[in-house]
Every structure is written in structure tokens, then in C-alpha cells.
Amino acid sequence: MGRLDGKVAIITGAAQGLGEALVKRFVEEGAKVVGVDLNEEKLNETVDKYGNDNLALKLDVTDEEGWQKVVDTTVEKFGKIDILVNNAGMMSKKGVLELKPEEYMKTIQVNSLGPLLGIQKSIPKMKENGSGSIVNIASIGSLKSGAADGGDAAYSASKGSVRSLTKHVAHYFAKDNIRCSSVFPGGIMTDMLKKVFNENPELWETTKVSSPLPDHIADPEDIANGAVYLASDDAKAVTGAELVIDNGNMTH
Ligand SMILES: NC(=O)c1ccc[n+]([C@@H]2O[C@H](COP(=O)([O-])OP(=O)(O)OC[C@H]3O[C@@H](n4cnc5c(N)ncnc54)[C@H](O)[C@@H]3O)[C@@H](O)[C@H]2O)c1
């Protein structure tokens, strides 16, 4: 029996990276998945790869009307929404002194407004259903700086707002049996990061010191497993939680 049997989950940023691992693990645990992403071609490929009874919908998470369509289509096809995973994210790769206002706002829109819109549109359906679980993917870059946020000021601020929004939603919707928690990944071993480590072996040496728990960096599935737990009924008494999955980076 899967830990998400009978559940319907919307997952943003589902085309690649952590999003792909989320789709894979949620389907393995029995959920029906609605994957959304800007990158339609890659999204279709990923969602198809893990089963044929799921749905892939193109969405820019900053588009309010687009969100309404995703929520309505999900309810039309599957009858309800149990889970929302706000995973889509971006980096501006700029420090405070280089960052242009429009670059700051773009990162805030995708990383912070995106989750808010998903939450706003999903909660009424979760209320109708009598329960719901929202999992927001933040980052240890919202808990500390330096290598943790890649020197990216807008990223750090946007993920900090995800942390606070999570607490707010957890508090105000607990009475409706809607839970909301966040996951704080450290480094995730994506293809992109593998390339960075191959090209900069000294960065790998630093990572080994900063994240002491072997293998020093998490697999995408390690993060997805945390999201499965928070989304599932195993976490029925858990809300407002902050689950750090970082190979020990936050221990120093
Ligand atoms: N990779 C890491 O080391 C790491 C560490 C901590 C936190 N995170 C967080 O995990 C999440 C996933 O990261 P990843 O490494 O898989 O990133 P990624 O860049 O590989 O994937 C992000 C996905 O989000 C999609 N996306 C971007 N903007 C969008 C928008 N406006 N609307 C819809 N989709 C959009 C992209 O098309 C892409 O498919 C992000 O929120 C990221 O901040 C990643």
C-alpha cells in the first residue's frame, strides 16, 4: 500500500530536477499527479515517464488566471485536490550591489508570489474536501547565507518569505484541517551540480567540509521523500514544520 494512495497532488516545477523526483516518488506512493511547469515539452516527457493516468499542464506560476485553470482542470479530472507542492523556483545569481530592481522582483514573483497563488487557488478546493496538505520547497539559503544561498540576495529573500508564508498558512488554516510545512534542501545532486563539481574539484572539497554527512549532498529523491512524508497522513499531526535535508550543513 502506498503512503499517498487515493491522493491527488499538484506539483509545480515538475519538468526536471527535484520536480522530476517529486513526480516519481508521489506516483510510486500511489498519488495521482498533476505536474505543472513553464517548459511544456520537458514536462510532458517527465509526467509520461511515470505513468499514463497523470496530467501535465503548462503554467507560469506567476499567472493568477493560469493557476485557476490548473485547479479547475485538476478537480474536473480527479474530483479533488489533496496536496500542493510548491517546488518551481529560480535564481537571480546576483549579490545586493549588482541586483537590478526588476531582477529582484522577478525572483520574488516566481519563488514567493508563485506559491502564494497556488495556495490561494487550492485552499477553497481543500476546504470543500475537508482536508489538505501544502508542502513548500524553501532552501537553507533562507536560513543562512554564503555558499547556502550562492551569494544570491533575491533568492535568499524570496525563500525567506516562503518560510514565513508557510507559518502563516499553517496557523490560519489548521482549523480547516489544512496543513502547510516547508522543506529546506541544502545542495541537491542534479546533473547541473555534477557538472559544476567536475569542473571545480576544489568546490567539492569545500562541500565535504560544509556538509559532513556522507554523501555530502542529497539526491533529489532524499528531498522528495521528505515531501512525501509531509504530504501523507503519516504527518497528520504536523503543520508549520521546517524540515531541513542538508547532509548536516546547518549543524555549523
Ligand atoms: N538544486 C538545489 O541544490 C536546491 C537547493 C535548495 C533548494 N532548491 C529548490 O528546489 C526547487 C527545485 O530546484 P531544482 O534544482 O530542481 O531546479 P531546476 O532549475 O532544475 O528546476 C526548476 C523547474 O521550475 C520550472 N520553473 C521555473 N520558473 C517557473 C515558472 N515561472 N513557472 C513554472 N515553472 C517554472 C523550470 O522550468 C524547471 O523545470 C527550487 O524551488 C529550488 O529553489 C534547490
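This note goes through points of the predicted model that can be followed in the structure above.

1. Strands 1 and 2. Strand 1, residues 8-12, and strand 2 run parallel and are joined by five bridges.

2. G17 is placed in the loop between strand 1 and helix 1, the latter spanning 18-28. With a relative accessible area of 33%, G17 is partly exposed. For orientation across the model, the C-alpha atom of G17 is separated by 23 Å from that of K144, a residue 127 positions away along the chain.

3. The salt-bridge network around R25. The structure holds 15 salt bridges, and four residues, K24, R25, E28 and E29, are linked with one another in a network of such contacts. Within this group, the side chains of R25 and E29 meet at 2.8 Å, taken from N to O. Are these two residues buried or exposed? Both E29 and R25 are buried.

4. The salt bridge between R3 and D234. The closest N and O atoms of R3 and D234 are 3.0 Å apart, and the two residues form a salt bridge. This pair links distant parts of the chain, since R3 belongs to the segment before strand 1, whereas D234 sits in the loop between helix 8 (220-231) and strand 7 (242-245), 231 residues apart. R3 is partly exposed, with a relative accessible area of 36%, and D234 likewise counts as partly exposed, at 49% relative accessibility.

5. The salt bridge between R163 and E242. The side chains of R163 and E242 also meet in a salt bridge, with an N to O distance of 3.0 Å. Because R163 lies in helix 5 (residues 153-173) and E242 in strand 7, the pair ties together parts that are 79 residues apart in sequence. R163 counts as partly exposed at 32% relative accessibility, and E242 counts as partly exposed at 29%.

6. A negative patch. Which residues form the negative surface patch? The patch is made up of E40, E41, E45 and D48. D48 has its place in helix 2, which covers residues 40-49. The relative accessible area of D48 is 58%, so this residue is exposed.

7. Backbone features that deserve a second look. Most residues other than glycine have a negative phi, and most peptide bonds are trans. Against that background, the peptide bond from P214 to D215 is cis, with omega near 0°, and D215 lies in the loop between helix 7 (201-210) and helix 8. H216, placed in the loop between helix 7 and helix 8, has a positive phi of about 75° although it is not a glycine. H216 counts as buried, because its relative accessibility is 18% and the cut-off for buried is under 20%.

8. A further positive phi. N177 is another residue other than glycine with a positive phi, in this case near 65°. N177 is found in the loop between helix 5 and strand 6, the strand covering 178-185. At 42% relative accessibility, N177 counts as partly exposed.

Definitions and conventions: Residues numbered from 1 in each chain as written. Predicted model: local features only at pLDDT ≥ 70, side-chain atom pairs only at ≥ 80, totals over all residues. Heavy atoms only, no water. Patch = residues over 30% accessible without salt bridge, like charges linked within 9 Å, V, L, I, M, F, W, Y side chains within 5 Å. Areas by Shrake-Rupley, 256 points an atom, 1.4 Å probe, with all protein chains shown as cover. Lys, Arg positive; Asp, Glu negative; His and termini not counted. Charge placed at Lys NZ, Arg CZ, Asp CG, Glu CD. Helix = DSSP H or I, 4+ residues; strand = E, 2+ residues; numbered from the N terminus. Buried < 20%, exposed > 50% of the residue type's maximum accessible area, 1.4 Å probe, protein only. Pairing = 2+ DSSP bridges.
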